[in-house]
Amino acid sequence: MIDGLEPEPDAAAELFGDHLEAGRAFTTSLARHGEELGLIGPLELPRLWTRHVLNSALVAPLMRPGRVGDVGSGAGLPGLVLAITRPDVSFTLIEPMERRVAWLERQVNELELANVTVVRARAEESKLFDSLDQVTARAVSALRTLIPVTAPLLRAGGELVLMKGAGVDGEIGAAEKAIRKYKLRDVEVLVLGEGVVPANEVTRVFRATVG
Ligand SMILES: C[S@@+](CC[C@H](N)C(=O)[O-])C[C@H]1O[C@@H](n2cnc3c(N)ncnc32)[C@H](O)[C@@H]1O
């Protein structure tokens with residue numbers, strides 16, 4: 001077995017349900033090829049499941065049937081993991097880097113994911129403005145700069161679901177101007193994964209509605 005695969009079998013079963021085999025296949029590919037393709041650092045291998053894959057899957061229950069954009073998908077986090085766990089939702093993975101786009105497309109083919117489109121672009125140049133029901137992002141940038149990049153992609157009433165670390169409250173304070181400019185309402189921070197993943201892997205989500 002490759003290091004880093006499934007040290008948390010109960011959490012994996014709970015979060016992936018019927019889609020656990022696909023989750024394992026994706027994680028195995030990422031463990032095998034992620035470092036050489038520059039998708040993950042060598043230190044990430046032992047914590048691929050908990051810190052990256054399970055962490056991404058925690059957001060799946062927040063997804064609504066409709067069209068979701070994942071800005072800066074990189075290795076497919078959270079976009080591919082969400083597409084695996086939520087076949088009822090259409091995902092558009094937005095990523096500018098050619099090698100990462102090639103990886104995402106290869107995974108879509110290998111995992112036979114019919115609910116994913118990959119767009120090679122920066123979000124600001126993606127021509128997806130006003131079109132999406134929800135937008136996710138993980139490890140892309142602080143809210144102050146992330147909100148101006150993600151909020152314009154949403155239709156009126158659409159929702160930001162931005163994965164954040166423990167510093168999210170400070171990021172919200174620094175993003176006040178952007179929160180006002182993009183007319184974000186119902187702003188809240190959700191804490192996900194308590195009792196499911198190890199305490200140090202609990203994640204936070206900045207959630208807000210546009211307009
Ligand atoms: C640190 S990586 C995180 C990747 C992945 N979301 C994760 O959690 O592992 C940030 C990614 O965001 C992409 N990115 C940065 N700015 C972007 C933008 N304006 N629009 C779309 N993608 C962007 C980068 O190319 C990179 O793949």
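Q: Why is R138 called buried?
A: Count the neighbours: R138 has 23 C-beta neighbours inside 10 Å. The label takes 20 or more, so R138 counts as buried. Bear in mind that this is a predicted model.

Q: Where is R138, and what does R138 touch?
A: R138 sits in strand β4. Leaving out neighbours within four places in sequence, R138 is in contact with S56, L77, P78 and M163.

Q: Which residues are closest to the ligand?
A: The closest are G72, G74, L77, A123 and R138, out of 18 residues that surround the ligand. That shell divides into 10 nonpolar, 3 polar and 5 charged residues.

Q: What does UniProt say about a "binding site"?
A: The UniProt record, an unreviewed entry, puts that feature at G72, L77, A123, E124 and R138.

Q: Is A123 buried or exposed, and how do you know?
A: Buried, because A123 has 24 other C-beta atoms within 10 Å and the cut-off is 20 or more. A123 is located in the loop between β3 and β4 (132-138). Not counting residues up to four places away in sequence, A123 touches V71, I94, V149, T150 and L153.

Q: What makes D130 exposed?
A: D130 has 12 other C-beta atoms within 10 Å. Exposed means 12 or fewer, so D130 is exposed. D130 is also in the loop between β3 and β4.

Q: How far apart are D130 and G74?
A: Their C-alpha atoms are separated by 23 Å, and the two residues are 56 residues apart along the chain.

Q: What stands out about K127?
A: K127 has a positive phi of about 60° although it is not a glycine. Most residues other than glycine have a negative phi. K127 is found in the loop between β3 and β4. K127 is exposed too, because 9 other C-beta atoms lie within 10 Å and the label takes 12 or fewer.

Q: Why are β3 and β6 called edge strands?
A: Start with the whole sheet: an open one of 7 strands in the order β3-β2-β1-β4-β5-β7-β6, with mixed pairing. β3 (116-119) and β6 (184-192) each pair on one side only, and these are the edge strands. From one strand to the next, the twist averages 20°.

Q: How do you know that β1 and β2 pair?
A: Pairing takes at least two bridges, and 5 bridges join β1 (residues 67-71) to β2 (residues 90-94), so they pair. The two strands run parallel. V68 stands opposite F91, and V71 stands opposite I94.

Q: What about β2 and β3?
A: They pass as well: 4 bridges join β2 to β3, which run parallel. The bridge partner of F91 in β3 is V116.

Q: Which face of β3 is covered?
A: The covered face has V116 and V118, while the uncovered one has T117 and V119.

Q: What makes β1 mostly covered?
A: 4 of the 5 residues in β1 are buried.

Q: How do you know that helix α3 is mostly covered?
A: Of the 10 residues in α3 (residues 48-57), 9 are buried. Among them are W49, H52 and S56. The buried residues of α3 pack against α1 (9-16), α2 (20-33), α4 (79-85), β4 and β7 (203-210).

Q: What does the "coiled-coil region" in UniProt cover, and how much of that span is helix?
A: The annotation, from an unreviewed entry, covers residues 94-124. In this model the span is 42% helix and 16% strand, and its end C-alpha atoms lie 10 Å apart.

Key. Residues numbered from 1 in each chain as written. Predicted model: local features only at pLDDT ≥ 70, side-chain atom pairs only at ≥ 80, totals over all residues. Axes fitted to C-alpha atoms, helices over the stretch in contact; angles between N-to-C directions. Near = placed C-beta within 6 Å. Nonpolar A, V, L, I, M, F, W, Y, C, P; charged D, E, K, R; others polar. UniProt positions renumbered as here; feature names shortened; annotations may be inferred. Contact = placed C-beta atoms within 7 Å.
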